[in-house]
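Dear colleague,

I am writing to hand over the structure that follows.

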Amino acid sequence: VDNCGTYNVSRETLTQLLDDCNKVVNESCDPADVLPSVDGFFFGGTDYDDWYYQDVKQTITMMKKLLKPTTADNWDFTYMSSW
């Protein structure tokens, strides 16, 4: 929901995001079922193309950094729903 709200995000939710991204990159699922593309003014294309997979790979890189045990143990994660 794009309401500019701020939400706490659990480590478990971020871990699930990482798992889902890995499934998509490893082609063990249909990306439309796990991480569907979204259309909109700033969201770009909705195809499952190189741009889509590049974003998924960038998310994997970020999640791995954030979820390192020495990093994530003392952190609170927040998401702001704004495009």
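Is tyrosine 53 buried, partly exposed or exposed? Tyrosine 53 is partly exposed, and its relative accessible area is 23%. Please bear in mind that this is a predicted model.

Aromatic pairs

Searching the whole structure gives three aromatic pairs. One of them joins tyrosine 48 to tyrosine 52 in an edge-to-face arrangement, with 4.8 Å from centre to centre and 75° between the planes. Tyrosine 52 also pairs edge-to-face with tyrosine 53: the ring centres are 5.2 Å apart and the planes stand at 85°. This second pair counts as edge-to-face because 85° is over the cut-off of 60 degrees. Through ring pairs, Tyr48, Tyr52 and Tyr53 are linked into a cluster.

As to accessibility, tyrosine 48 is partly exposed, with a relative accessible area of 33%. Tyrosine 52 has 11% relative accessibility, and it therefore counts as buried, the limit being under 20%.

The nonpolar core

Tyr52 belongs to the largest nonpolar core as well. This core has 11 residues: Leu14, Leu18, Cys21, Val24, Leu35, Tyr52, Val56, Ile60, Met63, Leu67 and Phe77. Two or more of the core residues come from each of the elements α1 (11-25) and α3 (50-66). In soluble globular proteins, nonpolar side chains tend to be buried together.

With kind regards

Technical notes. Residues are numbered from 1 along each chain as its sequence is written. This is a predicted model: local features need pLDDT of at least 70, side-chain atom pairs count only at pLDDT 80 or more; totals for chains, interfaces and linings use all residues. Side-chain values use heavy atoms; hydrogens and water are left out. Rings of Phe, Tyr and Trp (its six-membered ring) pair if their centres lie within 6.5 Å; planes under 30 degrees apart count as stacked, over 60 as edge-to-face and the rest as tilted. Buried means under 20% relative accessible area, exposed over 50%, partly exposed in between (1.4 Å probe, protein chains only). A nonpolar core is a set of buried Ala, Val, Leu, Ile, Met, Phe, Trp, Tyr and Cys residues joined through side-chain atoms within 4.5 Å. Helices (H or I, at least four residues) and strands (E, at least two) are DSSP runs, numbered from the N terminus.
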